Amino acid sequence: MKKSGSHTQLQTLIRSFDHFENQIFLTFDDGPNDHSTSRVLDVLKSRSVPATFFLVGQDVRPQLKLVQRLVSEGHQLGNHSWDHLYANYFSSETRLREWVGRVNQEFRDLQLPESVGFRPPAGVVTPPLVKALASLREPLILWNERFFDAVFQWGRARADRSARRLSGGSIVLLHDGQKAERIEAFCETLDHYITSLRARGFEFAALTREICLTESGF
Ligand SMILES: [Zn+2]
């Protein structure tokens, strides 16, 4: 979609992909987390599942070793804003551009791979944010499946219902930033979910910047 009289092209918001028959994209938000991210990485490694991690920019440098592990194990990085603070949604397009762009600059400074795109904290999408992302040529990536697993315990029954309901090309929102008391059960459910989805013929893939740019219409 072209805005008349402007060079700014507004992107298509991504919730899922129609043209992937077998692939499921697991995504994990709110890391890197020193208590729980490595536990999630252990599960994914043991099952050979690639995924995408939407990271909070200000936490990347303090947890650089963890982020480097994530990259070396074949996962992709996404941008989940600099500080995850919702107050930023009430600020200007310029400020939003900085909130997003600073993370990508941090990835470059730390010699990390480029972000696949931006996932707004709490999934909030406002017109100034859409414009800011368009000017940064940053894909806007949401999801079509979620469990509120950062708030409630995620269990097998819900994982099974999801595995029956999902279609290929789905983007699943999960959180590697888990409370200490929930991480054990979370990982057990994640392992079970992977088994359930594979039993239904699905494979796992990480998002890439290339497919997200294409899907965005950039
Ligand atoms: Zn978040």
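Which residue follows helix 3, and is its phi positive or negative? Helix 3 is followed by Q111, and the phi of Q111 is positive, near 55°. The structure is a predicted model, in which local features need pLDDT of at least 70, side-chain atom pairs count only at pLDDT 80 or more, and totals for chains, interfaces and linings use all residues. Residues are numbered from 1 along each chain as its sequence is written.

Confidence comes first. The mean pLDDT (the predictor's confidence in each residue, from 0 to 100) is 94 for the protein, and 96% of its residues reach 70 or more. Over residues 1-6, pLDDT stays under 50. For this stretch the model has four contacts beyond four places in sequence, a contact being two residues whose C-beta atoms, placed from the backbone, lie within 7 Å. Where pLDDT is low, the predicted coordinates should not be read in detail.

Helices (H or I, at least four residues) and strands (E, at least two) are DSSP runs, numbered from the N terminus. Strand 1 (residues 23-31) runs parallel to strand 2 (residues 52-55), and four bridges join them; strands pair if DSSP finds at least two bridges between them. Within strand 2, T52 stands opposite T27. Together with helix 1 (residues 37-46), strands 1 and 2 make a right-handed β-α-β unit. A crossover is right-handed if, with the strands pointing away from the viewer, the path from the first strand over the helix to the second runs clockwise. From strand 2 the chain crosses through helix 2 (residues 64-72) to strand 3, again in a right-handed β-α-β crossover.

Strands 2 and 3 pair in the parallel sense over four bridges. In strand 3, L77 is the bridge partner of F53, and G78 is that of F54. In a regular strand the side chains alternate between the two faces of the sheet. Strand 2 is covered on both faces, with T52 and F54 buried on one side and F53 and L55 buried on the other. Here, buried means that 20 or more other C-beta atoms lie within 10 Å of the residue's own, with C-beta atoms placed from the backbone. In strand 3, Q76 and G78 point one way, L77 and N79 point the other way, and all are buried.

Helix 3 (residues 93-109) has 17 residues. In this helix L96, W99, V100 and V103 are buried, and their cover includes strand 3 (76-79) and helix 4 (127-136).

Methods: Expected span 1.5 Å × (residues − 1). Buried ≥ 20, exposed ≤ 12 C-beta atoms within 10 Å, placed from the backbone.
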